[in-house]
Amino acid sequence: MEVVKRRTVKALVTKLSSVSEQTRTEALCELRLLSKNDPESRLLIAEANAIPFISESLYSTVAILQENATATILNLSISSKEDLLSSHGVLDALSHALRNPASPFVAQCAAATIFSLLTLESFRPIIGHKRDIIFGLVEIIRSPGSVARSIKDSLKALFGIALYPLNRAQMVELGAVQALFSLILKDGRVGLVEDATAVIAQVAGCEESWEAFKKVSGLGVLMDLLDNSTGSSCRTKENAVSALLNLILCGGEEVANVVRGKMEVRVLDGIIDVSQNGSEKAKNKAIELLKIVDTSYARSGSLSLSSHSS
């Protein structure tokens, strides 16, 4: 059975080098279906040296070619991550598809592929080093024409990039903070707000974030999200707590004083709510935040503000 599969895959990959666009399209369509429906075929496709040919199709301006190519790459990323990243030019091709999608589906698949690759910790610094990828993801969440699915997959990818602390400053530099807060204020869909605040909480964990947060009144937005009257979901509140804590722990006493100065009862109530009803991790963060911002809650003695990230 495997011999037959190998032969089939090899024949399809051979067609990918054809001068005929129709032949290449038909082969890509079949490889897409094969990689979707038969998990065992993914490794065979990678071993048949198909990835460079598929990547090349990500540069196509023909929608059906680009769509089938990105969908196939996404399928391969499920079980052939190392093969993809070790193949020359794949990240550049994905970056191109992100920034020049022939359809919303292409942008969605490209973002989802990047998120899939980011599930391997060792890939995070490599992908984060590609400024064009971060820029493309930020542009998707910034653009009013982007569809919800593309935005959601882009937010997941940005979250994966932000998990590597050294990527955060570059995300700030490329406008991620402004785009994320703009999405929260203009969109309002619960799932997207939850995902956006999750990224914000991570990005807050670098020294460069404070200036960017000030420019977009980010502190006020986070406090509004903690206000019980705004109806934020539990996850959004937990993310807001994490973001505030990271801002303070990376910015030190100067930032802590600003947060204390703006702290209102409505916000404290929201933090207390998380400390009592959040996940275990969120409860601990909320308690730590309360000790810093609420003098009546704090234990006696000074509090050490060390570098911290969620």
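Trainee: How do you know that the reach of helix H1 is close to the expected one?

Mentor: Helix H1 covers residues 2-16, which makes 15 residues, and spans 21 Å from first C-alpha to last. The expected span is 1.5 Å times one less than the number of residues, which here gives 21 Å. Helices are DSSP runs (H or I, at least four residues), numbered from the N terminus. This is a predicted model, where local features need pLDDT of at least 70, side-chain atom pairs count only at pLDDT 80 or more, and totals for chains, interfaces and linings use all residues. Residues are numbered from 1 along each chain as its sequence is written, and side-chain values use heavy atoms, leaving out hydrogens and water.

Trainee: Which residues of H1 are buried, and what puts them on the same side?

Mentor: Lys5, Val9, Leu12, Val13 and Leu16 are buried in H1. They lie on the same side because they cover an arc of only 100° around the axis, taken from the directions from the helix axis to the C-beta atoms. The face turned away carries the exposed residues Val3, Arg7, Lys10 and Thr14.

Trainee: Why is Thr236 called buried?

Mentor: Buried means under 20% relative accessible area, exposed over 50%, and partly exposed in between (1.4 Å probe, protein chains only). Thr236 has 2% relative accessibility, so Thr236 counts as buried. Thr236 sits in helix H17.

Trainee: What is Thr236 in contact with, leaving aside neighbours within four places in sequence?

Mentor: Contact means heavy atoms within 4.5 Å. With those neighbours left aside, Thr236 is in contact with Val193, Glu194, Thr197 and Leu225.

Key. Helix = DSSP H or I, 4+ residues; strand = E, 2+ residues; numbered from the N terminus.
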